[in-house]
Amino acid sequence: MSKQAKKPGRIRAAILEWFGVPAGGYAGGAIAAPSDAGITVTQEKMLTISAVWACARLISETIATLPLSMYEKTSAGKRVASQHPVHFIIHDQPNADTTAAVHWEATIAAMLLQGNARSEKLMSGGRLVGIRFLAPSRLSKVNLGQGRHEWRYIEDDGRQRVIPDSRIWNIPGFSLDGKCGVSVIQYGANVFGNALAAEGAASSTFANGLHPTVYYSIDQVLKAEQRSQFRESLEKLSGALNAGKSPLLEGGMKANTIGINPDDAQLLESRAFSVEEVCRWFRVPPFMVGHAEKSTSWGTGIEQQMIGFLTFTLGPWLRRIEQAISKDLLTPAERLRYYPKFNVEGLLRSDSAARAAFYSAMVNNGIYTRDEVRELEDREPMGGNAAVLTVQTALAPLDSLGQSGDAQQARAALANWLREPSED
């Protein structure tokens, strides 16, 4: 290779080194993808689409507000492991600056839009003490060569910081290679680009007052002076139109329009179709983002709708997070005893009737105690019989079933009453 061919490579390497990026290159950062509509799709542009904003907020906020706890396996069953240090991190406060709800909200949004959510594991003395979400647009993966790489993150003040790969915690979304999630921005560029183009066309149409471009035709060729006079008269004509007055066309002048009528262009139908396409990408029923043109097939009750939304939309995301916590935030020994889990019963809080029916079934079948139900409702336990499992038979303790007691006495009293002669 000649010196002239090597020179551009050295210049490029010097520029990269000046910017703090090794010649090996980098991966990560903000994602942008071109679309067939001629619009480059980015996360910022996507979120300007109302359907994308609604879907991303719905999934992110719903998961972020579900209780996430560490549980311990015991001989008596499972119980909340509030003493475990990871429980406080994932349930209450991941770090000194963020609450758990805000952290998981940003994490889910990154998984939805970027394909991956990366956080920094905060360590102290080899022990995990917190996690910190890393904005994808400010995080870069730098290849150092020979299979080595590191991560560089730009702080709020513009300062660049190097983070070792061992301290990066990645939760991938839908994946094709089993390692990293694929970006919705890249694979859905045409869908979101068309939606952006439809929004732009609608904005231009409404900005023009729904009036298409008007042109005038005359049967004769005008001189320069006549054209100037005609343009002056056009200004007066425009003013008359804006004032609501009828124009007067003279000398064989005819007015015609250039452009497509909004009805012919099916502008509203195109925007409605874009909403349905966006909802299909995020697996969100259109009625849950305010698009009620078509009814849902998931049932009519809130409970049935929540079950469908939980099963087909939220379930995969919840499972990904739970398994990522077990894999990367717990030691192999801890995984045998502890596990994280979302409490999805919180979704029933929006329907008091469904919640009451659920609690009644769980208590009457001896699955929940009344104190456990009170705990779910954020009430103090009563103790005593309220902490005892009961069943529908006689609301008696489980260990007393089949024994001679109140039930037998009640049956004997009933038999005696039936044998007594009637006063009538």
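Is Glu72 buried or exposed, and what is its relative accessibility? In this predicted model, Glu72 has a relative accessibility of 2% and therefore counts as buried, since the cut-off for that label is under 20%. Its partner can be named too: Glu72 forms a salt bridge with Arg79, and the closest N and O atoms of the two lie 3.2 Å apart. Arg79 reaches 48% relative accessibility, so this residue counts as partly exposed.

Another of them joins Asp156 to Arg138, with 2.6 Å between the closest N and O atoms. Here the link runs between distant parts of the chain, as the two residues are 18 residues apart. Asp156 sits in the loop between β9 (148-154) and β10 (160-163), while Arg138 sits in the loop between β7 (127-133) and β8 (139-145). With 68% relative accessibility, Asp156 counts as exposed because the cut-off for that label is over 50%. Arg138, at a relative accessible area of 26%, is partly exposed.

Next to consider is Glu155. The side chain of Glu155 meets that of Arg161 in a salt bridge, with a distance of 2.7 Å from N to O. Glu155 has a relative accessible area of 9%, which means that this residue is buried. Both Glu155 and Arg161 also take part in a network of salt bridges, in which they are linked with Glu120, Arg132 and Arg167.

How values were computed:
Residues are numbered from 1 along each chain as its sequence is written. This is a predicted model: local features need pLDDT of at least 70, side-chain atom pairs count only at pLDDT 80 or more; totals for chains, interfaces and linings use all residues. Side-chain values use heavy atoms; hydrogens and water are left out. A salt bridge is a side-chain nitrogen of Lys or Arg within 4 Å of a carboxyl oxygen of Asp or Glu. Buried means under 20% relative accessible area, exposed over 50%, partly exposed in between (1.4 Å probe, protein chains only). Helices (H or I, at least four residues) and strands (E, at least two) are DSSP runs, numbered from the N terminus.
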